[in-house]
Structure formats: C-alpha cells, structure tokens
Amino acid sequence: MDRKNQNKDKHTPVLLTKVLQVLDPKKGETYLDLTAGYGGHAMAVTQLTRNYKGCVLVDRDIEAVKSLQTLFQDKGARIIHSDFLSASESLQGEGQQFDLVLADLGVSSPHLDKASRGFSFAKDGPLDMRMDQTQALSAHTIVNSYSEALLSDLILRYGEEPKARQIARRIVVSRPIETTAQLATIVAKAWPGHSKVHPATRTFQALRIAVNNELELLRLSLPIWKDLLKPGGRMVIISFHSLEDRLVKQFLKEHSGNNYDAELRLIGKQPAIGDSQEIALNPRARSAKLRAAVKIKT
Ligand SMILES: C[S@@+](CC[C@H](N)C(=O)[O-])C[C@H]1O[C@@H](n2cnc3c(N)ncnc32)[C@H](O)[C@@H]1O
C-alpha cells in the first residue's frame, strides 16, 4: 500500500486520555468496544487490561473489521462484524457482562477520507454513505426515490436544517443525482451568500443518519449497554452531534440520580470535550462530547 492510501486507513482515537482516565482499565478486566473501528481506543485499553480473551470488538464496517482482525485476532479477542444493536442483543442473550464498555459513535476518518464511500461533500464520490457495505439502503436510493415531503422531513429532523423544504424541492427537480459533489452543489444553491460551515453539512448529516439508522440503533442499544455492564463497571459514550448527545444525556439522566432504583452514577456532570491542542491535531475532536457512568453495585 502506498503512503497516500495508508493514510486513508488511519483513524486517530478522540479524547483518548479522558477515555482512559474515566474507564480506568485494570489488569484482568473485561472490555466491550461497540464501535471498535481501527482499534485505537481498544489498543490503549487492552494494553492496560492485558485480557484479550475478555475483549469483544464490534463494528459494522467490514474494512474496520479486517483491520481489527489484523490487530487483535491472534491475541484472542472476539471480533464481531455487526451493528451494535444486534451484537449487544446477542451478548445479552449469552449472559455476558463487562467491566468496561465504550461506544465512540459515528464515522471513522477512512469513511470521510475515501471518496468511494460517498460520505463527504469535499471529495466527489458515489452517493453511498453506508457504514455496512452489505446493506441495501444507500444515500443514492434516498436522494433519488424518496418523496419531496419525506426528504424535507428527514433533512429537517436529522439535519436540523432550516432550509429543508427548499433543499428537498431542489433535489427532486434535479434528479437523477449521482455523486456527492453534484448533491453538494444543488444544496448550496439553497444557501446563497456566505455561510461559516459548508451549506451541505446539515443535509449530508441528515442523509448519513437516515442511511445508517443511527439514532434508532443508539436509542434501542442504550438500555442493553447498561445491562451489559457489571456492577462497578464503567461505560463511556462519545457522540458527535447534538441529536445523539441528547439521547445519551437523557438516558444517563433517567437511570442515575438519587432515586432508590438508580442503576448508574454519572462520572462528571458536564460532558468532557477536546482541548484546543487535541482539536488542532485532530479536527474530528472538535464536536466530540464524552459522557460516562458507573454501574452502581447492588
Ligand atoms: C468514530 S469510529 C470509532 C473509532 C475507534 N474508537 C478507534 O479508536 O479506531 C466509529 C466506528 O463505529 C462504527 N459504527 C458506527 N455505528 C455503528 C453501529 N451502529 N454498529 C456498529 N458499528 C458502528 C463505524 O463503522 C466506525 O468504524
């Protein structure tokens, strides 16, 4: 692989120092990484637990899974190619529980860096956006076949885009739309004049959330992750946009506090965020919010 392509497979784990501080991995502890990606967090955690047999790594992206297999298979870790909801349900069915649970949500750098994955308006590629390449639904299907009303609703709901209606109209009259650059140009026309972020940012976020069913999978997984934690176990969730952070915040609030039946204790009242040094080195850290909790011992 040449240097250019090697960099496209690189992903720098966000908020790593904070993740290790909060998870506080100890020798022998078990670890479940629900979005193991390119193994950055997992490598740092397992260097402290030294318990590869008690380590389960999940990702729905086959490229990430291949990279995890190279890094961890020989050491004895279990690697699951699946969305985290199905994987969590299976682990729960097996009666498993873990000392440490991590979910570093969203996309990896290779998703955004490889034009062929179709996630980025900055790199022209096919309208794809599937994290799991075996899934049928892609951004192409949504953009080219959903009704104007459905598109408008989706862009408003998942993108919080004030011009959702105008954008949906423009999309429908411009069909067929084949590439990310074509779509970005069409969306930008709804936002004449200057804008701090690229005008297609919110529409692309909305499509990505819809293609990958991101919010629904997170909402349904959160209660299972709580049950997959051993008493005294620590859970960290890192989110990258307000819609997923809201779900995490509400869930943790609901299950912590002073109620007699609270199962979690929050670690830190406010979410942890990246400092300016980390953000300068890794722009993905700019929107990262880390929330964490400990399972109360009964
Ligand atoms: C931000 S990256 C994680 C990077 C990882 N922590 C590391 O250090 O390399 C998010 C990863 O989660 C995966 N992912 C996102 N949503 C998922 C889901 N619902 N189920 C399983 N994997 C998911 C993506 O494919 C991606 O590889």
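1. Leu102 stands opposite Val236 in S5. Strand S4 (residues 98-104) and strand S5 (residues 229-239) run parallel, and six bridges join them. Two strands pair if DSSP finds at least two bridges between them. Helices (H or I, at least four residues) and strands (E, at least two) are DSSP runs, numbered from the N terminus.

2. A word on the model. This is a predicted model: local features need pLDDT of at least 70, side-chain atom pairs count only at pLDDT 80 or more, and totals for chains, interfaces and linings use all residues. Residues are numbered from 1 along each chain as its sequence is written.

3. What is the order of the strands in the open sheet? The order is S3-S2-S1-S4-S5-S7-S6, seven strands with mixed pairing. Strand S3 (78-81) and strand S6 (264-266) are the edge strands, and each pairs on one side only. From one strand to the next, the twist averages 15 degrees.

4. Helix H13 (residues 242-254) lies across S5, S6 and strand S7 (289-295). H13 runs at about 25 degrees to S7. Axes are lines fitted to C-alpha atoms, for helices over the stretch in contact, and angles run from 0 to 180 degrees between N-to-C directions. Two residues are in contact if their C-beta atoms, placed from the backbone, lie within 7 Å.

5. Now the domains. Domain 1 covers 3-104 + 214-295, and domain 2 covers 118-212. These bounds come from an automatic or database domain assignment. The two centres, taken over C-alpha atoms, are 28 Å apart. Eight residues of domain 1 are in contact with seven residues of domain 2. The side of domain 1 that touches domain 2 has three nonpolar, one polar and four charged residues. Ala, Val, Leu, Ile, Met, Phe, Trp, Tyr, Cys and Pro count as nonpolar, Asp, Glu, Lys and Arg as charged, and the others, Gly among them, as polar.

6. Helix H8 (residues 148-159) packs against helix H11 (residues 201-212) at about 100 degrees, with axes 8 Å apart. H8 and H11 are therefore roughly perpendicular to each other (65 to 115 degrees). In H8, Leu154, Ile155, Tyr158 and Gly159 meet residues of H11, including Arg202 and Ile209. This contact has six nonpolar, three polar and one charged residues.

Note on methods:
Angles under 35 degrees count as roughly parallel, over 145 as roughly antiparallel, 65 to 115 as roughly perpendicular and the rest as oblique.
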